[in-house]
Each structure stands twice: as C-alpha cells, then as structure tokens.
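Please open the model in a viewer and keep the selection panel at hand.

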Amino acid sequence: MFQKRLKAIFDFYLYSNIHIAICALALVQTTCSVFHLRFTIPFILISFFGTLSLYSFQRLVGVMKKEMKDYPGERLQWNFKNKSLLIVIILFSVFPLGYAFFQITLCGKVVLMAAGFLSLIYSSPILPMKGKFIRLRDIPVVKIFFIALVWTMVCVLLPMFGSLDFYGREVIIFSIGEVCWSVVIFLMIFAITIPFDIRDIEFDATSIRSLPMIIGEKKSVRLAQALLIISCLILYSGMTTTHVMSFIQVLYYFLWTAFSVWILHDCSRKKSEYYFTFIIDGLIIALWGFLTFERFI
C-alpha cells in the first residue's frame with residue numbers, strides 16, 4: 001500500500017511536468033551563475049511556470065479527442081486520466097507568469113514572447129497541410145530543433161536580455177563567451193531530446209518520421225553522444241579563452257558530459273518511462289550540480 005502511494009506521488013511529480021520545470025529552473029540558474037547575472041524572482045517564475053504550463057498544454061493537446069486505448073504507455077495514460085488536472089495547472093500558471101512578465105525589461109519581454117509563439121505553433125494544430133491542420137512537431141525532424149531553440153531562448157537568452165535597457169543605454173552585443181554558451185546549451189538540449197524520439201518510435205510511427213526512424217536507434221544514440229562531446233570542445237575553446245569560466249568549471253562540464261554519454265549508452269525504446277522522464281531529463285539538474293559543486297569545495 002505504501003509503495004503504491006509512493007509511486008502515485010512520484011508519477012504525479014514526473015507526469016504533471018514538475019520535474020521538467022525544475023530542470024528549466026536549474027538551467028536558468030546555471031546561466032545566471034556562469035555569467036554572474038542576478039537570479040531574480042521573475043526569472044524563477046518564468047522558467048518554472050512557463051515550462052510547467054507549456055508542457056502541460058502540449059500534453060493536453062496530445063490526449064484530446066482520443067480514447068485511452070490509443071495510448072500504450074503509462075505516461076500517456078496518466079495524461080489521459082488527468083486532463084482536468086492539466087487544465088488546472090495551465091490556468092494556475094497564468095498568474096505568476098503574468099506578474100513576472102511585467103517585471104522584466106522590454107528586451108526580456110521580446111525574447112519571452114518569441115519563445116511563447118514558437119511553443120504555441122509547436123504544440124497547436126494550426127498549420128494547414130494537405131487539407132488538415134497539423135502541429136509543428138508533426139513535421140519530420142523539425143520538432144527537435146524547435147525544442148532546443150526554445151529552451152536556449154528561455155534558459156540562456158532570457159537571463160541575458162532580461163536585465164538590459166532597450167532604450168539605448170545598453171548595447172546588445174553578444175560576447176564570444178555568450179555565443180559559445182548559447183551553442184553549448186542548444187547542442188546539449190538537442191542531444192538529450194533525441195532519446196525521447198527513440199522512446200516514441202512506436203507511438204509516432206503512424207504520424208511522424210522522427211530522427212530515429214530515419215537513421216535508426218543506434219545511430220541516433222551515437223549522434224546524441226557526439227553532440228555532447230562537440231559541446232565540450234566548444235565550451236573549452238570559447239569559455240576558457242574569454243575567461244568566462246574557470247578551468248575547473250570546464251573540467252566539471254567534461255565530467256558531466258562523460259556521465260551523460262555513459263547514461264545514453266544503453267538508451268533504447270525498451271527502457272522504462274522513468275529512465276526517460278526522470279533520468280534523461282534529470283541530466284539538466286545534474287549539470288547544475290556539476291557546475292555549482294566547485295563552490296562548496
């Protein structure tokens with residue numbers, strides 16, 4: 001009985017998107033820490049509740065107008081059974097997001113609105129194609145680029161632009177270090193999103209030709225690992241030469257990459273939902289842990 005309740009609580013934490021929202025929060029804090037930016041309340045609210053609401057909206061759209069028999073996985077069945085809860089989460093998130101939106105600068109508002117727009121067309125069936133409306137995520141391979149782009153916008157560009165004065169008193173010029181960090185985060189998110197396409201191969205088979213369906217599972221895993229290694233090289237060349245990050249911080253990123261490559265090694269569609277939703281997403285929180293660990297030693 002206790003184990004059943006514990007599982008129910010853990011499933012709620014994962015499938016209500018609290019876990020992925022904490023991941024976004026951790027990545028925003030990491031960006032602020034690397035570039036010595038203030039980790040303000042608006043950034044906290046936007047990263048957490050923005051991710052929470054957008055992922056809940058995406059899940060809600062995915063389960064509307066279908067029967068439970070259409071969902072073979074535990075996560076999808078949880079979403080189907082808890083459609084009302086997803087709606088409540090979306091509505092509840094509006095208030096903190098509205099408050100935070102008016103607390104950031106105009107530059108931050110522009111970045112946030114652009115990210116919100118991309119997320120909307122990604123999740124909503126509003127694109128006409130062959131006599132019907134589809135979501136952007138239904139276009140082969142495109143969805144993974146948009147996920148990485150939106151995460152980079154919210155978790156990197158928003159903290160960087162969120163404190164800038166738009167009216168000429170600040171010049172928006174990215175340094176080499178900021179450009180490198182943006183590319184690193186884009187590649188990192190792209191890499192750890194690939195396993196979710198592997199997980200969804202059977203579910204997507206009738207509607208979406210994802211990357212693993214085109215090049216195969218094993219090659220997709222190798223690609224994800226290669227992208228993480230490439231991000232290491234970019235981080236080392238861009239962040240140490242500009243002295244944005246210390247050598248020890250870069251070393252911890254290398255260690256995190258080695259850990260992530262090891263986690264991805266046995267990735268396959270046969271893995272449990274917890275492997276993908278908790279462990280793979282949790283690599284983002286692990287990155288925060290690796291890069292902030294040096295403060296405590």
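Helices in this tour are DSSP runs of H or I with at least four residues, numbered from the N terminus. The model is a predicted one.

Begin with helix α12, residues 247-264, which supplies the largest share of a nonpolar patch, namely 5 residues. L251, for instance, lies in helix α12.

Next, select helix α3 (residues 41-63) together with helix α7 (residues 142-161). Their axes are 11 Å apart and form an angle of about 170°. Angles over 145 degrees count as roughly antiparallel, and α3 and α7 are therefore roughly antiparallel to each other. Show the side chains at the contact: F43, I46, T51 and Y55 from α3, and W151, L158 and P159 from α7. By class, this contact comprises 6 nonpolar residues and 1 polar residue, with no charged residues.

Finally, turn to helix α1, residues 2-15, and select K7 and D11. Their side chains form a salt bridge, with an N to O distance of 2.8 Å. Because the two residues are 4 apart in helix α1, about one helical turn separates D11 from K7. Across the whole structure, a search finds 7 salt bridges.

Terms used
Residues numbered from 1 in each chain as written. Predicted model: local features only at pLDDT ≥ 70, side-chain atom pairs only at ≥ 80, totals over all residues. Heavy atoms only, no water. Axes fitted to C-alpha atoms, helices over the stretch in contact; angles between N-to-C directions. Parallel < 35°, antiparallel > 145°, perpendicular 65-115°, else oblique. Contact = heavy atoms within 4.5 Å. Nonpolar A, V, L, I, M, F, W, Y, C, P; charged D, E, K, R; others polar. Salt bridge = Lys/Arg side-chain N within 4 Å of Asp/Glu carboxyl O.
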